Amino acid sequence: MRMNLSAELDRWLSPETRELLVRIGACATCLGYHAYLVGGPVRDLLLGRPSCDLDVVVEGDAPAVACAATTPDQSTPVVHSAFGTATIQMDVSRIDLATARAESYERPGALPTVYPGTIEQDLVRRDFTVNAMALTLDGRCRGELLDLHGGRSDLDHGFLRVLHESSFIDDATRILRGVRYEQRFGFVFEKRTLELLERDLRYMNCISADRVRHEFERTFEEEEPEQTLRRLDVLGVLGVIHPTLLFHSQKSWALASARRSARSPTELHNVYWCLLAWGVSADDVETLGERLNLARGAREALADSCELALLEARLDDPGLAPSEVFDLLHRRSHAALQAAELMFVRPTARGHISHFVRRLRHVRPSLTGKDLQALGVPEGPLMGRILSSLRSACLNGEVASREDEVALVRRLVNPVSWPLE
Ligand code: CTP
């Protein structure tokens, strides 16, 4: 049955985006091409979930359509002629235009070889039926749904279904994508697709580090990434990516808590990495960092969280002085500390971490290096030692004023003469 979604499209888009899509359709027609809205935005339109990033496929020269459709007062499209793509960035939304293509995979996990094709070829190369629908943008059929693989019916039933038997062999990142969709939309894998997923798990090993990491990063951007990670664990996907990776309910709770106190997206991602890898040994964390080609910040956070895990027993001592807590914790990354605070099971150790994060690490003596120089302390290792003793004294409440600090410095510089003063 034919279905036309132009009314939904118009209702859902901002006036600026709507106008641009109309011009894209018109310019495609003028140039003798056809243009379609494809993939995620069509799925999201049918689900009634607005999306700001739109993908358009042109049967013809996509960059030419992008350039013809934009007026001088709009941002100029960024064109990648070699790939036949162009991007138009607007205030709140973005349109990616690509030339319709067919593709073939030389070996499992390789990036596909692509060549210009029809919209039908472009749709049949996609991951799941729900992502393989298109909406006509040009001419009298504007808004007409092109659904060659039963995507709409699968969407109605909440099924994730691959388009052919070797879909996961060609590209095992689809396993990670599928689990993400499953959890985001509350869908289930259709029976045969689940069998193929389980059969083809090992092809995850053919996927490059950057591509696997990228899928994790996209998962971290989901509203509740813990759902996807838990499911990846249950399906055995995490174990194939790295045999030491585990995800359980305490980690789920910890991820949700970390999100509530996050200071920045990058830091939150690093906390997620630490939580995901919590319990993994230092050696294994290193191989995990390589398997995923993690950035330096994430690797450092992971190494710190391994060391913190080993310190839990030592930190479980209520008699530790604040300066001792400081010495154990002050070189650790914030992400690792946050992960430890969430994952420690011993309350005293957890309390020390909280106290350090919220108070101790902000404690500074009022005297600076310059003040010490004025008191006759030469620059060099001695100054470093005195500054650190001063900080310990502040942390332990042994000095309460600037005068106390000056007196302490004098005692430290000249321990013999001080009692005579
Ligand atoms: N796609 C695919 N196989 C992949 C990656 C992408 O078939 N390994 C196709 C899918 O049809 C997908 C489209 O390319 O809909 C665009 O990819 P992407 O932007 O990653 O997917 P979205 O569906 O837009 O997903 P999300 O909602 O998570 O952004």
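**Notes on the ligand site and overall build**

1. Starting at the ligand: one of its oxygen atoms sits 2.8 Å from an N or O atom in the side chain of Arg43, which is a polar contact in the sense used here (a pair of N or O atoms within 3.5 Å; within protein, one must be able to donate a hydrogen and the other to accept it, and residues adjacent in sequence count only if both atoms are side-chain atoms). A ligand nitrogen is 2.7 Å from an N or O atom in the side chain of Asp171. Arg174 also puts a polar side-chain atom 3.4 Å from a nitrogen atom of the ligand. The protein covers 75% of the 570 Å² of accessible area that the ligand has on its own (Shrake-Rupley method, 1.4 Å probe; for residues, only the protein chains shown count as cover).

2. Before going on, a caveat: this is a predicted model, where local features need pLDDT of at least 70 and side-chain atom pairs count only at pLDDT 80 or more, while totals for chains, interfaces and linings use all residues. Residues are numbered from 1 along each chain as its sequence is written, and side-chain values use heavy atoms, with hydrogens and water left out.

3. Who lines the site? The ligand is surrounded by 14 residues, the closest being Arg43, Asp127, Asp171, Arg184 and Arg218 (near means a heavy atom within 4 Å). By class, the shell holds 9 charged, 4 polar and 1 nonpolar residues (Ala, Val, Leu, Ile, Met, Phe, Trp, Tyr, Cys and Pro count as nonpolar, Asp, Glu, Lys and Arg as charged, the others, Gly among them, as polar).

4. Helices H3 (40-47) and H8 (173-185) each supply at least two shell residues, and H8 gives the most, with 5. Helices (H or I, at least four residues) and strands (E, at least two) are DSSP runs, numbered from the N terminus.

5. Zooming out, the chain has 22 helices and 11 strands. Its radius of gyration is 29 Å, well over the 22 Å that the globule rule gives for 421 residues, so the chain is more spread out than a compact globule (taken over C-alpha atoms; the rule is 2.2 Å times the number of residues to the power 0.38). The C-alpha atoms fill a box of roughly 100 × 50 × 35 Å along the principal axes.

6. The chain is divided into domain 1 (6-157), domain 2 (242-362) and domain 3 (369-412), with bounds from an automatic or database domain assignment. The C-alpha centres of domains 1 and 2 are 43 Å apart.
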